[in-house]
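Please open the model in your viewer and keep the selection panel at hand.

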Amino acid sequence: MTRVLLAGVSTRGFAEAAARAGYEVVAVDGFGDLDLRACATEVHVARVDGRFSARAAAAAVRDVSCEAAVYEAGFENHPSAVRALAANRVLWGNPPAVLARARDPRRVARVVGDAGLPSPRVRLTRPPGGRGGWLVKPLRSGGGDGVAVWRRGAPVPRGSYLQERIVGVTGSIVFAADGRRAVALGLSRILAGEAAFGAEGFRYCGNILGPAGDPQFPADERLLDRATVLAECVTRAFGLVGVNGVDFVARRGRPYAIEVNPRYTAAMELVERAYGISLFEVHARACQQGLPAFDLAAARRRAPDAVGKAIVYARRPTALGDTRSWLSDADVRDISPPGTRFAPREPICTIFARGRDAAACFTALAGRAARLYRDGERREARSA
């Protein structure tokens, strides 16, 4: 049995996929949740001043013996930490030099534009006068943290950039790549700032993966075709390997590329739930030049419904009761130990739901979140 090291802010989803595929999992992340410990043989938690640190994570497992290393969210902005993680191990994923290129917003905009595909304008300094809105984003971005609407005339903070704000539906294409070719695996809408899940602003809080023709994306089939071309474009330009994602804003069936995620993304476990393919096995094989024979368009036509996930954030200071019973619920994941306390805006757990279409799926997710909030309020009232 191959022993693999998984490292990232939250590794539970990919760790479950690896365990199902027959790998022995060692994990290091920022939470050490109960369901991660249930599927991994060894778990390390790496936090500095209350936050996950890629450098601390790499250092924490420096002497752990594993045959391969895989990084997730939290590492793509830290190539040196990836280099440390891969020391004396085979790296299954994009190497540091690829990360440095693929995470450069100016380079991404140039690559996409040169291919004749749309993308928002990008600037490191204040734009000259003229119309149009802009977002200010950290260069080392993740999960929507630090993203805000730019106020005209305001300075651009150090370590940030401006990206033109495109009006449309935010989505993601996830795909497997071998450095030259790409195979699309899933098309989903991104949920951000949804009050139903305790999120604000541009904070990421989930995805919904719909069947073919789902109205969550106008011109759905055209969007899939063009998003697939986008995935192929960035794969060739940057030499991407393994599973990757591109976030975009969909407008009239055209995906405006806003960010390349050169690693496993949060949307990918919906692909497993919807289509029954092993994302970890796909990732491992793609890193060794083997792409899956998968037809996303056909899979979407066969899909009977939409499947979605939502991260539920604390709305107020919250303490969990005995969470061990949640482990038996397949639609609740990222389960913290009993008695864990949460500050406002910290993630409590992840929930999943299905619906006949994306709108019904969102309603089911929101209803599940509302029940979770009510249960927490009743528990707090009893203990008061």
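Begin by selecting residues 268–275, which form helix α8, where helices are DSSP runs of H or I with at least four residues, strands are DSSP runs of E with at least two, and both are numbered from the N terminus. Because 6 of its 8 residues are buried, helix α8 is largely enclosed by the rest of the structure; buried here means under 20% relative accessible area, exposed means over 50%, and partly exposed lies in between, using a 1.4 Å probe and protein chains only. Colour M268, E269, L270, V271, E272 and Y275 to see the buried residues of α8, and then step to G276, just after the helix, which takes a positive phi of about 70°.

Before going further, note that this is a predicted model, in which local features need pLDDT of at least 70 and side-chain atom pairs count only at pLDDT 80 or more, while totals for chains, interfaces and linings use all residues. Residues are numbered from 1 along each chain as its sequence is written, and side-chain values use heavy atoms, with hydrogens and water left out.

Next, select R12, which lies in helix α1 and, at 2% relative accessibility, counts as buried. Leaving aside residues up to four places away in sequence, R12 touches D29, D35, L36, E269, R333, D334 and F352, where contact means heavy atoms within 4.5 Å. Now widen the selection to the whole of helix α1, residues 12–20, which lies across β1 (3–7), β2 (24–29) and β6 and runs at about 175° to β2; axes are lines fitted to C-alpha atoms, for helices over the stretch in contact, and angles run from 0 to 180 degrees between N-to-C directions.

From there, turn to the open sheet, whose 5 strands come in the order β3-β2-β1-β6-β7 with parallel pairing; two strands pair if DSSP finds at least two bridges between them. The edge strands, each pairing on one side only, are β3 (42–45) and β7 (90–91). Strand β6 (residues 68–71) pairs with β7 over 2 bridges in the parallel sense, and A68 has V90 in β7 as its bridge partner.

In the loop between β4 (47–48) and β5 (51–52) select D49, which has a positive phi of about 55° although it is not a glycine and counts as exposed at 77% relative accessibility. In the loop between β14 (204–209) and α7 (220–238) select A219, whose phi is positive at about 50° although it is not a glycine, and which counts as partly exposed at 30% relative accessibility.
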